[in-house]
Amino acid sequence: MATKPGILTEWPWKPLGSFKFVILTPWVVHSTYSLIMKGERERDYGYFLIFPFLLLRMLHNQIWISISRYQTAKGKNKIVDKGLEFEQVDRERNWDDQILFNGTLFYIGYMTIPQAYKLPLWRTNGVVMTILLHAGPVEFLYYWFHRALHHHYLYSRYHSHHHSSIVTEPITSVIHPFAEHIVYFMLFAIPMLSTLFTGTASIICITGYVMFIDFMNNLGHCNFELIPKTLFSVFPPLKYLMYTPSYHSLHHTQFRTNYSLFMPIYDYVYGTMDKSSDTLYETSLKRSEESPDVVHLTHLTTPESIYHLRLGFASLASKPYTSKLYFWLMWPVTFCSLIITWIYGHTFVVEANNFEKIKWQSWVVPRYTIHYMLQWQREAINNMIERAILDAEMKGVKVFSLGLLNQGEKLNRNGELYIKRYPKLKLNLVDGSSLVVAVVLNNIPKGTTQVILRGNLSKVAYAIANTLCERDIKVATLYKDEYEKLKLRLTSKSTSNLILSTSYARKTWLVGDGWNEDEQLMAPEGTLFIPFSQFPLKKMRKDCFYHSTPAMVTPKSFTNMHSCENWLSRRVMSAWRIAGILHALEGWNVHECGDKMFNIEEIWRASLRHGFRPLAIPA
């Protein structure tokens, strides 16, 4: 929102929310009906193709978003080295408003302009006219309109909304108040209307011009340099005819330079070209891929989780993961993503953050939770994890943490497999179990004297039971085999606090993976369920309380956080991820994998010292 919003700031369909595209329904239905019912001579394919063209534009923009986020996470050719925040993602989530606006005007234009009926596929003279009109009137008028928008009166009421994003993403290009978009469309309509009224318009000419605008807008705001220097060496005048991402990036950081639309010639003519444009361009091109200090390795969960990745839909990634009904309508895309991830056998970067003195990246194994359940997939998954560890070693990574099922007991014995294969690893492999135990212990309400422990007896479960018993808190198990296994692992002084119980009466339950969730129905009213599992519990009781999976709130100084970790809330990070960061910050030169576990009290104190905070107990 602008600092002093002027008239026509909001889009007229804002009250419709997510249902705003229904305003196109009459035209979509009518164009489809006309295509089906009319004869070949009366059919107008241009009218029918308007809506598919709008969808193509949305897909084109989404591809740019994904590529840009991937490139900036890697750091190669990155221009502005600052982070994005949730506030910017929220402000830019309605980037499709301008596509809806254009679509509405295209339909209205078709219905009211006779020359728009039954356009041919191609006309060369119309293409030439469009190029000339864009390079002349459109670029010239835009330049001066843009300079006017930077006058304090218009800037505070309109254009400041766009410039709230100093670190740009491709979709930043279309984040403007409604009034600005009206003027922009009037400018871009000059070539389209001119070709229509002169009888030189064609389907390719109009759609190609709009796609050109989208492409150049996305290019200028992608925040990584990709225009090769050879282009300007082969044809030097090109520097006056086409801008680069670094060229327009300076406009967002300096504000009073580089006003041109796509052609810098007007900045050169009127003396508003930033003197550091060439230097920034060359510096960005030379910038190499960043080498992180810490890498966290996670994986995809459900087929729909790919949309919630930071590289997926920005608005979905900025919210905790929940299944959406409309995902069923996207099954062709989901199925294609399944095939691609099946074929692609290498981890990839999805996120990069800075905190204190370290650089941190999140890598993803292109496999879903279901793959980890299949025994015949384990070798392939282990090979991918192993290659990721070796890649991190080559990059000079100090700590490599394993997230979700990448540290499975059956898969690799909590990462011990890789230590045995490569005993001379310089990086430290961390499964995060010590911090997980610490978080679970500190989630237990003060004054608790008894708890029920349920779920698979993992490394974490044994440590929780042992620590609670040593603190004189009774730990009850419901099955004899679990009781016997726990008893063998406890110290002799603490076994008296381990109880084999037949009662479900205790109001604090510590639950892990592999327990019968129907047991929730046996718990008394008001029970607090505290998971030590990787995945959240299925909530079956409205009269009970459910804690999050082990996690903590990140400090405000943790930069570039604009996506949620799976089902966790904003700025909340799982204990498995935090553990790797703490190992790097504290300089602990030890592995934490296999049966080894770091000091629980020490890592808890370190987490608090660095600003991480426990989540509130559900009220």
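1. Ring pairs join Trp11, Trp13, Phe101, Phe106, Phe178 and Phe185 into a cluster, where rings of Phe, Tyr and Trp (its six-membered ring) pair if their centres lie within 6.5 Å, and where planes under 30 degrees apart count as stacked, over 60 as edge-to-face and the rest as tilted. The model is predicted, with local features needing pLDDT of at least 70 and side-chain atom pairs counting only at pLDDT 80 or more, while totals for chains, interfaces and linings use all residues. Residues are numbered from 1 along each chain as its sequence is written, and side-chain values use heavy atoms, with hydrogens and water left out.

2. A search of the whole structure finds 38 aromatic pairs. In one of these, the ring centres of Phe145 and Tyr184 lie 5.8 Å apart with their planes at 80 degrees, so the pair is edge-to-face. Phe145 belongs to helix H6 (residues 124-149) and Tyr184 to helix H8 (residues 178-197), so that the pair links distant parts of the chain, 39 residues apart; helices (H or I, at least four residues) and strands (E, at least two) are DSSP runs, numbered from the N terminus. Both Phe145 and Tyr184 are buried, where buried means under 20% relative accessible area, exposed over 50% and partly exposed in between (1.4 Å probe, protein chains only).

3. Helix H12 (residues 245-254) packs against helix H14 (residues 277-286) at an angle of about 120 degrees, with the axes 8 Å apart; the axes are lines fitted to C-alpha atoms, for helices over the stretch in contact, and angles run from 0 to 180 degrees between N-to-C directions. H12 and H14 are therefore oblique to each other, given that angles under 35 degrees count as roughly parallel, over 145 as roughly antiparallel, 65 to 115 as roughly perpendicular and the rest as oblique. From H12, Ser246, Tyr247 and Leu250 meet Ser277, Leu280, Tyr281 and Ser284 of H14, contact meaning heavy atoms within 4.5 Å.

4. Gln62 lies in helix H3 (residues 50-74) and, at 12% relative accessibility, counts as buried. Apart from its neighbours within four places in sequence, Gln62 is in contact with Trp95, Leu311, Gly312 and Phe313.

5. As for the whole protein chain, its secondary structure comes to 26 helices and 14 strands, and 55% of its 619 residues count as buried. Among contacts in the protein chain with a separation of 6 or more, 71% are accounted for by residues 24 or more positions apart. Along the principal axes, the C-alpha atoms fill a box of roughly 95 × 55 × 50 Å.
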